[in-house]
Amino acid sequence: MPLEFKGKVVLTSQDEPAAKKPVKPAGRPRYIKGGLLIDGNGGKPVKNPVIALEGIRIKQVGTKETIRIPAGAEVIDCGGYT
């Protein structure tokens, strides 16, 4: 069953990694989908994004057309949010 957020979701990235050690993936793969993704670097907003997470880090960002969510993955549904 997908998780649902009530409010804004903010994901950020850093130029410098917070830790020098690699982050181990925690359990099954996790994906955030839906909503509107605003690029903080001035890129065009992305409708219906899919964000793949590895542990606590963002692994890949795309759309439902470019990223396949595997069966059994944890899905966080942010449809209707920015």
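Me: Which residue in β6 stands opposite I51?

Reply: That one is V61. Keep in mind that we are reading a predicted model. The two strands here, β5 and β6, run antiparallel and are joined by six bridges; β6 covers residues 57-63.

Me: What lies between β5 and β6, and what is the phi of G55 there?

Reply: The two strands form a hairpin with two residues between them. In that hairpin, G55 has a positive phi near 65°.

Me: Where does a positive phi turn up in a residue other than glycine?

Reply: Start with the general idea: most residues other than glycine have a negative phi. In this structure, look at N48, whose phi is positive, near 50°. You will find N48 in the loop between β4 (46-47) and β5 (49-54).

Me: Is N48 buried, partly exposed or exposed?

Reply: Buried means under 20% relative accessible area and exposed means over 50%, with partly exposed in between. N48 has 39% relative accessibility, so it counts as partly exposed.

Me: And T63, buried or exposed?

Reply: T63, in strand β6, is buried because its relative accessible area is 18%.

Me: How far apart are V75 and V50 in space?

Reply: Their C-alpha atoms are 9.7 Å apart, while in sequence the two residues are 25 apart. V75 sits in strand β7, residues 74-77, and at 16% relative accessibility V75 counts as buried.

Definitions and conventions:
Residues numbered from 1 in each chain as written. Predicted model: local features only at pLDDT ≥ 70, side-chain atom pairs only at ≥ 80, totals over all residues. Heavy atoms only, no water. Helix = DSSP H or I, 4+ residues; strand = E, 2+ residues; numbered from the N terminus. Buried < 20%, exposed > 50% of the residue type's maximum accessible area, 1.4 Å probe, protein only. Pairing = 2+ DSSP bridges.
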